[in-house]
Structure formats: structure tokens, C-alpha cells
Amino acid sequence: MAAKSATPARKTGKQVNAPLLDEENIDDSWAPARPRTLVDHAVDAILSAASRGLLLPGDRVSEPDLVTRLGMSRVPIREALRILESQGIVSSEPYKGIRLMEISHQRLEQIIDVRIPLETLACRRAIEAGRNGPREIRILNQSVEELVLMQQREDVYGFASADTAFHRTLCSFAMNPVLSNLWESIARQLTVIFGLSTMGKSMAAIIGEHQRLVDVFAEGDIRKMADEIEQHIRVQSLDVDYEKIIAERRKLLSQAE
């Protein structure tokens with residue numbers, strides 16, 4: 001797809017400020033480039049291991065072990081762990097070291113209690129503003145297609161990341177940066193949870209749940225959308241027995257050692 005016409009900037013090595021864009025002028029096929037750092041790679045590696053059940057909730061996260069496994073120095077790994085701690089993925093306690101977040105029934109309920117009002121409000125504001133039209137539905141369907149692609153690749157971390165991206169996109173239609181920032185504060189915790197959920201529910205079933213969300217969002221019935229979010233986030237999430245998954249996974253890993 002050709003980008004919208006614009007005056008090309010000279011390559012001076014300096015950043016060129018783009019004009020402010022309103023939602024009508026956004027070309028959805030483009031996203032700003034962002035350089036990847038060693039810290040980014042370390043964050044992704046830890047999240048990937050957690051979402052695939054290689055690193056389990058409550059497990060000790062060893063900095064020297066990460067240095068060996070990832071082939072990095074301590075500096076980017078230490079910064080990655082600092083970032084993940086600020087986002088609730090790991091916690092650090094005296095004499096206990098750094099450990100991966102716990103995923104208990106109580107913790108899940110707490111996260112759900114935060115997600116439902118945030119995503120319900122986001123959808124309400126989007127629908128009230130008419131931001132549930134063909135453009136938004138096309139973007140959401142692209143997110144569902146990404147889930148399908150990750151399913152075909154059998155990429156659990158990719159699938160979990162695509163699931164997170166779907167809900168991030170849905171919330172973004174509210175055009176409320178405060179709401180989006182609040183949701184973002186739990187986004188990486190959700191990625192870990194979404195990854196583990198694939199061990200208790202088929203990816204096909206999860207994709208179907210997201211397609212249903214898209215269809216209801218397109219209808220524009222706010223009450224129906226609120227009910228669907230409740231169903232998706234609370235009822236369908238609690239269909240998965242995370243504690244059983246974690247226990248079985250821990251047993252499997254111990255046998256493989």
C-alpha cells in the first residue's frame with residue numbers, strides 16, 4: 001500500500017518533527033520504527049520463558065543464570081529485571097532474591113477486577129464516539145489474524161503477545177491516554193497469563209472468543225458489549241485452572257532435569 005503523499009525529508013541525520021495527525025489521517029499500515037536494545041531482548045526473553053512455562057510463577061529468577069542463558073552482560077539483564085519489577089512481573093525481597101510473579105486465584109481476581117472496568121469504559125467511549133466503524137473493525141480483525149498466524153506457527157509467546165496487542169488496540173479506540181496508561185501497567189502481566197492459558201484451553205477457542213468481541217463491538221450495543229467483556233475476561237478466564245497448569249508444568253520440568 002502506498003503511503004500518503006508527503007514532502008520527503010532530507011537525510012540530515014537529525015530527527016524531523018512530523019505534523020500532528022488526527023485519527024482520519026493515520027495510515028494504519030505504518031508504525032514508527034523503534035530501535036531494539038539488549039534490554040528489550042532481555043525483557044522479551046524473560047517474558048517468553050514465563051509465558052511458555054519455562055519459568056514458572058514463584059520461581060527464583062537468577063541474574064547469573066540469565067547472563068549464561070542469554071549471553072549478555074549483567075548490565076542489560078539488571079535493567080530488564082528492574083523494568084519487569086516496576087510492571088509486576090518479578091518481585092525482589094531481602095533474602096529471597098528475585099522471583100517471578102505469583103499467579104493464584106486471588107491474584108487473577110484482582111487483575112480481572114481492574115481489567116473489566118477499564119476495557120468496558122474504553123469500549124463505551126469508543127462506541128459513543130462512533131469509533132467502532134469499518135476502520136476500527138478492520139484493525140481488530142488484523143489483530144485476530146495475527147492470533148491465527150501465531151497459532152499456525154505454534155508460537156505461544158507470539159500468541160500471548162498478539163492477545164495482549166488485541167486488547168491494547170481495543171482500549172486505544174477510547175482515545176483516552178490516561179485509561180491506556182492504566183491498562184498498560186498490567187499489560188505484561190497479562191502476556192504471561194495469556195501464554196499459560198494456552199496450556200489449559202485451545203488457541204482456536206481463544207481466537208473464537210476474540211472474534212466474538214469484534215462482532216459485538218461492531219454492533220455498537222454498549223450494554224451487550226459490557227456483557228461480552230465480562231464473559232470474556234471473568235468467566236472465560238476463570239475456565240482455566242492456572243494453579244493446576246503450573247503444578248503439572250513444574251512436575252514436568254523437574255522430571256526433565
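Reader: In which helix is R125 found?

Author: This is a predicted model. Within the model, R125 is found in helix α4.

Reader: Is R125 buried, partly exposed or exposed?

Author: Buried means under 20% relative accessible area and exposed means over 50%. R125 has a relative accessible area of 39%. Because 39% falls in between, R125 is partly exposed.

Reader: With which side chain does the side chain of R125 make a polar contact?

Author: Leaving out residues up to four places away in sequence, R125 touches R131 and A174. The polar contact of its side chain, at 3.0 Å, is with the side chain of E128.

Reader: How far apart in space are R125 and F173?

Author: In sequence, R125 and F173 are 48 residues apart. From C-alpha to C-alpha, the distance between R125 and F173 is 8.0 Å.

Reader: How many of the residues of α6 are buried?

Author: Helix α6 covers residues 156–172 and reaches 24 Å from its first C-alpha to its last. At its start, a side-chain oxygen of D155 comes to within 3.3 Å of the backbone nitrogen of Y157. The helix is mostly covered, and the number of buried residues in α6 is 13 of 17.

How values were computed. Residues are numbered from 1 along each chain as its sequence is written. This is a predicted model: local features need pLDDT of at least 70, side-chain atom pairs count only at pLDDT 80 or more; totals for chains, interfaces and linings use all residues. Side-chain values use heavy atoms; hydrogens and water are left out. Helices (H or I, at least four residues) and strands (E, at least two) are DSSP runs, numbered from the N terminus. The expected span of a helix is 1.5 Å times one less than its number of residues. Buried means under 20% relative accessible area, exposed over 50%, partly exposed in between (1.4 Å probe, protein chains only). A polar contact is a pair of N or O atoms within 3.5 Å; within protein, one must be able to donate a hydrogen and the other to accept it, and residues adjacent in sequence count only if both atoms are side-chain atoms. Contact means heavy atoms within 4.5 Å.
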